[in-house]
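Dear colleague,

Please find below the structure that I am handing over to you, together with its sequence.

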Amino acid sequence: MAATEVRPRPADATVVAARMRDAQRELARFRMGYEFGIEEMLTKVRILRSEFRQTHDHNPIEHVTSRLKSMDSILEKSVRYGCGTDLPTIRERIRDIAGIRITCSFESDAYWVADMLSQQPDVEVVQCKDYIAHPKANGYRSLHLIVRIPVFLSDRTEHVFVEIQIRTIAMDFWASVEHKLSYKYRGALPPHLRDELLDAAASAAELDARMGRLRGEVRDLGQEPGAEPA
């Protein structure tokens, strides 16, 4: 006997469609909060860059980029963390959905920028991981801040987490190469490449240290790097 196809009644279809629309709107509002959080932090960084460009001898911020994780990436991380996949749980547990990366010339600039952002009254520093002073086992170096900032919407205020990565040009170059190699080998790097990356990380750290010493000598001569000569 052939199975009888059960088709949803018009009323059922209307309910399903309404639920889907509600889910889409909720997801859009979820992502919108993080998009605005990124814009808030980028505005703060742009103001600092503009101020230093106009009134100081040295601008510590070289480049700024941002990214918003895809929903696939967010859900994959939720599963990996073993937490729920409902939006309130994701909002609390996954704190790097929104991210900005700030590239500086010198190690001291990375800490300087972190201090300036942390001291702003509407920026709450939730977590700080100093991979410059304490690099990861693979050689990765960077300064990571998780901050929470208010986003003012028409009907409510949301407090969203934003991850801020602050690093030097040398650190950023190394991290970019390491990411491409790890992606190519699906995280299982051959031993010789791991050794090469560790050696390159040490070279990058030495370069940062040497450039810092050169900067100190220039300062002693009364001319800050990036300043116009007299």
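Phe30 and Tyr34 both belong to helix 1 (residues 10–55), where they stand 4 residues apart, about one turn of the helix. Helices here are DSSP runs of H or I with at least four residues, strands are runs of E with at least two, and both are numbered from the N terminus. At 1% relative accessible area Phe30 is buried, and Tyr34 counts as buried at 2%; the term buried means under 20% relative accessible area, exposed means over 50%, and partly exposed lies in between (1.4 Å probe, protein chains only).

The model is predicted, so local features need pLDDT of at least 70 and side-chain atom pairs count only at pLDDT 80 or more, while totals for chains, interfaces and linings use all residues. Residues are numbered from 1 along each chain as its sequence is written, and side-chain values use heavy atoms, with hydrogens and water left out.

Aromatic contacts

The count comes to 3 aromatic pairs, where rings of Phe, Tyr and Trp (its six-membered ring) pair if their centres lie within 6.5 Å, and planes under 30 degrees apart count as stacked, over 60 as edge-to-face and the rest as tilted. One of them is formed by Phe30 and Tyr34, an edge-to-face pair with 5.2 Å from centre to centre and 65° between the planes. Another joins Phe52 and Trp112: the ring centres are 5.0 Å apart and the planes stand at 85°, so this pair is edge-to-face. It links distant parts of the chain, with Phe52 in helix 1 and Trp112 in helix 4, 60 residues apart. Phe52 is buried at 4% relative accessible area, whereas Trp112 is partly exposed at 31%.

Lys136 has two ring contacts to report. Its charged end sits over the ring of Tyr140, 5.1 Å from the centre, and Lys136 also lies over the face of Tyr131, at 4.9 Å from the ring centre. For such a contact, NZ of Lys or CZ of Arg must be within 6 Å of the ring centre and within 35 degrees of the ring normal.

Salt bridges

Side chains of opposite charge can pair when their charged atoms come close. The search of the whole structure finds 15 salt bridges, each being a side-chain nitrogen of Lys or Arg within 4 Å of a carboxyl oxygen of Asp or Glu.

Glu163 and Arg67 form one of these, with the closest N and O atoms 3.3 Å apart. Glu163 lies in strand 5 and Arg67 in strand 1, so the pair ties together parts that are 96 residues apart in sequence. Glu163 counts as buried at 10% relative accessibility, and Arg67 as partly exposed at 31%.

In the salt bridge between Arg141 and Glu107, the closest N and O atoms are 2.4 Å apart. Arg141 is in the loop between strand 3 and strand 4 and Glu107 is in helix 4 (residues 107–118), so that distant parts of the chain, 34 residues apart, are linked. Arg141 counts as buried at 7% relative accessibility, and Glu107 is partly exposed at 24%.

Arg156 and Glu158 meet in a salt bridge of 2.7 Å, N to O. Salt bridges that share partners join Arg29, Asp155, Arg156 and Glu158 into one network. Within it, Arg156 is partly exposed at 24% and Glu158 is buried at 14%.

Pocket and cavity

The largest pocket holds about 1,200 Å³ of space. On a 1 Å grid over the protein atoms alone, a pocket is an open set of points with protein on both sides within 12 Å along at least five of seven lines, a cavity is a set where a 1.4 Å probe fits but cannot get out, and lining residues have an atom within 4 Å of a point. Grid points are joined across faces, edges and corners, and a volume is the space filled by probe spheres set on the points.

The pocket is lined by 36 residues, with Lys77, Asp96, Lys136, Glu163 and Gln165 nearest its centre. Helix 5 supplies the largest share of this lining, 7 residues. By class the lining has 10 nonpolar, 10 polar and 16 charged residues; Ala, Val, Leu, Ile, Met, Phe, Trp, Tyr, Cys and Pro count as nonpolar, Asp, Glu, Lys and Arg as charged, and the others, Gly among them, as polar.

The structure holds 1 cavity of 30 Å³ or more. Gly139, Arg141, Ala170, Met171, Trp174, Ala201 and Ala204 line the largest cavity, and helix 5 gives the most to that lining, with 3 residues.

With kind regards
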